[in-house]
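Notebook open, model loaded. I went looking at a sheet, a helix pair, the domains and the chain contact, and jotted things down as I went.

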Amino acid sequence: MNDSLKLVRGFFVSLRLTVFLLALSIILIFWATLDQVNLGVWAVQHKFFHSFIVFARFGSLQVPVFPGGYTIGGLLLVNLLSGHIYRFKMGWNKAGIWIAHAGLILLLVGELISGLVQKDYQMRIEEGETKNYAESGRQNELAVIDATDANFDEVVAIPESLLAHGTVVQNPKLPFRVVPKEYNPNSSIQMRSQVPNAPPSLATVGMGTMVAVTPLDVTYKEDERNVPSAFVELVGPDGSLGTWLVSPLLGNPQKFDFAGKTWKLVMRPKRTYQPYSLTLEKFSHDIYPGTDIPKNFSSRIKINPPGGEPSRDVLIYMNNPLRYGGLTYYQQGYDGEHTTILEVVRNPSWLAPYFACAAITLGLVVQFLIHLVGFARRRRA
Amino acid sequence: MTRRMPFFVAAMAAFCFVLGVYPGWEHQPASVSAFGQIPVLSEGRFKPLDSVARSTLLVIQGHQGVIAPDKAELTPDEWLLDVLFNPQKADTYAIFYIDNPDLLSLVGKSETHLTIERLSFNEIAPHIAEIEAQEKLAEPVSAQARTRFQSSVVQLYGNLSHYLRLRRAILPEGSKDFLGELLHLQEILVDGVEAVRAKEAGQPHDEAKAAAIMAEGQKFVGMSEGTDLLAIPPDEGDDPNAWHNTGHALLETFGKGEVNPAVLAYAGMGYAWRGNEPAKFDHIVGLYRTALEKHFPRQVQKARVETLFNTAQPFYAGMWMYLGAFLFAALSWIKWPEASRRTAFALVALGWVIATLGIATRMWLEGRPPVTNLYSSAIFIGWGSVALCLVLEAVYRDGIGAEAAGLIGFATLIIAQHLALAGDTLEMMRAVLDSNFWLGTHVVVVTIGYASTFLAGVLAVIYILRGLFTTTLDKASAEALSRMVYGIVCFATLFSFVGTTLGGIWADQSWGRFWGWDPKENGALIIVIWNALILHARWAGMVRQRGLMCLAVFGNIVTSWSWFGTNMLGIGLHAYGFTDAAFWWLSAFVASQLAIIAAANLPLGRWRSFRT
């Protein structure tokens, strides 16, 4: 093997690299924790952990300043694997280290996968209500609904990102194009009568003609939500049908007729549908007597599976989620006395940390015992 | 003589502790203690009135004793009796602590009074409207962004309303003779209620009688809204948790046709207390407790034990024993090495046993695992570290374990004493944390991880300071310390890792994600990585003895950040204990540890040990 290759190998297998990477990871995590005060936990994950390079903003300039989570984690993985391959020796005295590091690899890979594929939604159900979809807590969509058939809605959902980029949408199911005119990632809406100086609205039809939109700064606070609004023009083969204002703040869909069909237009939290539905039968909620500290809350849910299978009842409460259909439902909160809020998570690699932790714990305990026995023997000798 | 020293010192310490618990040595009459043991429902849990008194005093003025204007010392129970039954007198006690000059001038104290720190309610009362106005201005500002004046005014306002809600707990505002008023109510009740019914039905009635009863009802509505102390037990057959405040219980008088006997009992106690009739007071307290014990034997028993626990103050006693152990261990390096060392060991063991009893009592009272809040985490970190030190000392017999135990035990219990100022330390758990299984596994294990990381750091501090400033650190003890630190870091890696991942699994079970990059999670993760870094740096030969010690001292900074620093950010799901003063202390602690690391890097020629 020539010298430069040896040098590269030496670099990747060295424990010094391990120590260096561990130190970098500590700085990264510490910095990210502090930055949460400004950015909130979601933006921080994106900026620091789910990235190769951390950029800092100087004025309008984005400057790379630090390796991101993917870089450090990836190098650690390479360091770990190559080190073990290079130094591999059979023998019992390192058994614990082996098991622990195997678990660590599983943990890193598992978290990488869940960082990439995990999706979470919310489900807000009133008592007696049945729902077959969950809603995103952060993303919205523009739903264009063909509501001609009273029993059945045909929906074309346009993601918020297309509106943000001003992308014109043409869909074979729609007899018109959707042309985004203006988009605000966060906004408030008031009646025009309350805002006498408001500039004229872009909207020519629907609710948008009666209200004034005020753009707001994007918020990163945990207890606040960005509520977008957008003006979209619908353009048929013979010209414009008008410009509508759409926003989750408007609530009910706006109706209009075109090409012999009834249409509804609504911007709402992004939905994901399931082949089954859930009914909230009862929501319960206790507080400690004489205080407003919540003691517990729970939802009695009926699962209605597809294909006429018998439905069944389950109780979801704190620390006792429901795992069903590849999704997990958690008791997240409540809204008033009769509405439950469930957190819905899809994470195919949720079991990885369990196995990883078991392996690492076992490995550390084994290694610790090996040391302890050695220590006791030396003292006795 | 020195051979018996360990026995004598430990026996003395134990004797002092037992004296504190012995009933005959209390500073108050037995009937007042009996009153303190009466259970009530407050802040969501059953507790003795004694605990209500103590935690209120801690929140308002930072310590439990009260000095009356005539310089007489009052126990918390006596103070509470005056607040409940003799408010005119209680209003003269200087319990409100003001240290902000602007706030002092707001309550009418000029520059010359700036040394005055404690004021009575009577002194503040004329300025309540101004205080309320300022509080309304400061309250919307988030806790971190407030100026000192804003924080002080919000705090004072909170303390005043805390006090007033307690003052209104039994007696209606401005009542002169509550018992007499109740007995009068009993007399006019039947006719009065009839008159009111007739009036509502539009029939002829005695207007004066109806008006009298309506006025009483108005008063009781006001009372029922003015307090959150639920002192009146439910009737037999009702939900045993449905306790009421006196106002609420009195409102039920009109439906039931008689005044609630528990309210009458409290009124009787108040009458006897105010009239200074100890025999009567004793009699009524005894009668009430006997009656209560029949239907609520468990609550009465728990309240009795909690009162005993309050009086014994095991963690306070343990704190002094640890301090004593620290001093004796230090002495062992100067004089009487073996006797002082064994004395230190005995004191540590005694302090640890008392702390264990205290923790066990808390667990029994709460029905929960040992760590439920920041306060109990401080106590448990101390307990775990001291336990490890006892093992170290039993194995090495060189005084180092006892020295470290004394230092960590004392420091953690001092921290706990200050955390207790936030209020009831046996507070109820919020729903999200309400899982004894996870509290018992994740929280306990991760706390032991914190404890052992601190212990490694403290051992390293001992190594550095002993080596720098004394000549006692010979090669053998340096190597022993180095082995101890390495072993404890291994132990800490195991426990902090297992504890952190158990937390991840709990989060997966309750929130749907194993890892969420929440500040507290990140803090724990940094401890794990730091411990791993120490081990790898040692295996790689990057550090030797002194380097290992420096890394272990930095572990103190990492751990204190995770323990307190993350809470100060005021964000995240775990943010359960923001404290202002803690920030200053944390900074000072970090600076001291950095100074020690810097000192450790002085060339060996500057060290008093290792000089050849």
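I began with an open sheet of 4 strands in chain A, in the order β6-β7-β10-β11 with antiparallel pairing. For the record, strands (E, at least two residues) and helices (H or I, at least four) are DSSP runs numbered from the N terminus, and two strands pair if DSSP finds at least two bridges between them. This is a predicted model, where local features need pLDDT of at least 70, side-chain atom pairs count only at pLDDT 80 or more, and totals for chains, interfaces and linings use all residues. Residues are numbered from 1 along each chain as its sequence is written, while chains are lettered from A and ligands numbered from 1 in the order in which they are written.

I noted β6 (169-170) and β11 (239-246) of chain A as the edge strands, each pairing on one side only. β6(A) pairs with β7 (residues 177-184) of chain A over 2 bridges, in the antiparallel sense. Which residue in β7(A) is the bridge partner of Q170(A)? I found R177(A).

Next I checked two helices. The axes of α2 (residues 15-49) and α3 (residues 69-86) of chain A come within 9 Å and cross at roughly 150°. Axes here are lines fitted to C-alpha atoms, for helices over the stretch in contact, with angles from 0 to 180 degrees between N-to-C directions. Angles over 145 degrees count as roughly antiparallel, so I logged α2(A) and α3(A) as roughly antiparallel to each other.

I then listed who meets whom, with contact meaning C-beta atoms, placed from the backbone, within 7 Å. From α2(A), residues including L17(A), L21(A), L28(A) and F48(A) take part, and the α3(A) side includes I72(A), L75(A) and N79(A). Nonpolar here is Ala, Val, Leu, Ile, Met, Phe, Trp, Tyr, Cys and Pro; charged is Asp, Glu, Lys and Arg; the others, Gly among them, are polar.

On to domains, with bounds from an automatic or database assignment. For chain A I wrote down domain 1 (3-117 + 351-380), domain 2 (120-129 + 273-346) and domain 3 (135-271). The C-alpha centres of domains 2 and 3 of chain A lie 30 Å apart, and their contact takes 4 residues from each. On the domain 2 side, β3 (residues 119-126) of chain A gives the most, with 3 residues.

Last, the chains: their contact takes 49 residues from chain B and 47 from chain A. In chain B, β1 (39-42), α22 (475-510) and α23 (519-539) each supply at least two residues. I sorted the chain B side into 28 nonpolar, 14 polar and 7 charged residues.

Methods
Contact = placed C-beta atoms within 7 Å. Parallel < 35°, antiparallel > 145°, perpendicular 65-115°, else oblique.
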